[in-house]
Amino acid sequence: MALIRINFMAASLHRTVPLMVCLPTDKLVPDEQGVPRPIQGPFATLYLLHGILGSEVDWISGTRIQRWADERNLAVVMPAGENSFYTDHPWSGETYSQFIGQELIDFTRRTFPLSHQRDQTFIGGLSMVTGRCITD
């Protein structure tokens with residue numbers, strides 16, 4: 001399981017946002033002849049949101065998410081929510097609904113070998129996660 005830390009400019013939030021991404025790209029699985037080969041994407045993806053006073057590293061440091069994802073050949077994307085409750089803030093122009101529901105998904109799908117299928121794209125979270133996210 002590869003663990004990648006990345007920052008990207010989120011137009012919907014007007015700032016750079018850090019992410020942690022777990023990818024099973026370094027995992028070897030036997031092919032039809034039993035020869036170990038690197039697992040291929042696209043990977044089903046879980047977007048995992050942290051709770052209040054947390055950060056993008058909480059799931060890595062406080063759970064077994066890497067092991068769980070590795071066992072399921074699942075990519076996990078963990079963005080920084082910065083205690084925003086993942087809601088839009090009209091006074092600052094930050095649109096978390098756009099960030100989580102579209103921009104983050106578009107960026108990660110362009111950058112990593114992630115599935116573009118709705119039925120292979122999941123979202124979960126803890127504590128301050130409210131509202132709803134819809135994606136194609």
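Buried means under 20% relative accessible area, exposed over 50%, and partly exposed in between (1.4 Å probe, protein chains only). The model is predicted, so local features need pLDDT of at least 70 and side-chain atom pairs count only at pLDDT 80 or more, while totals for chains, interfaces and linings use all residues. Residues are numbered from 1 along each chain as its sequence is written, and side-chain values use heavy atoms, leaving out hydrogens and water.

View 1. Strands (E, at least two residues) and helices (H or I, at least four) are DSSP runs numbered from the N terminus. Strands pair if DSSP finds at least two bridges between them. Three bridges join S5 to the parallel strand S6 (residues 75–79), where Val76 is the bridge partner of Leu46. Five bridges join S5 to S7 (residues 121–125), also parallel, and Tyr47 stands opposite Ile123.

**View 2. The salt bridge of Arg5 and Glu56.** A salt bridge is a side-chain nitrogen of Lys or Arg within 4 Å of a carboxyl oxygen of Asp or Glu; the count comes to six. The closest N and O atoms of Arg5 and Glu56 are 2.6 Å apart. Arg5 is in strand S1 (residues 2–10) and Glu56 in the loop between S5 and helix H1 (58–62), 51 residues apart. Arg5 is exposed at 53%, whereas Glu56 is buried at 6%.

**View 3. The salt bridge of Arg37 and Asp31.** The N to O distance is 3.0 Å. Arg37 is partly exposed at 44%; Asp31 is buried at 19%.
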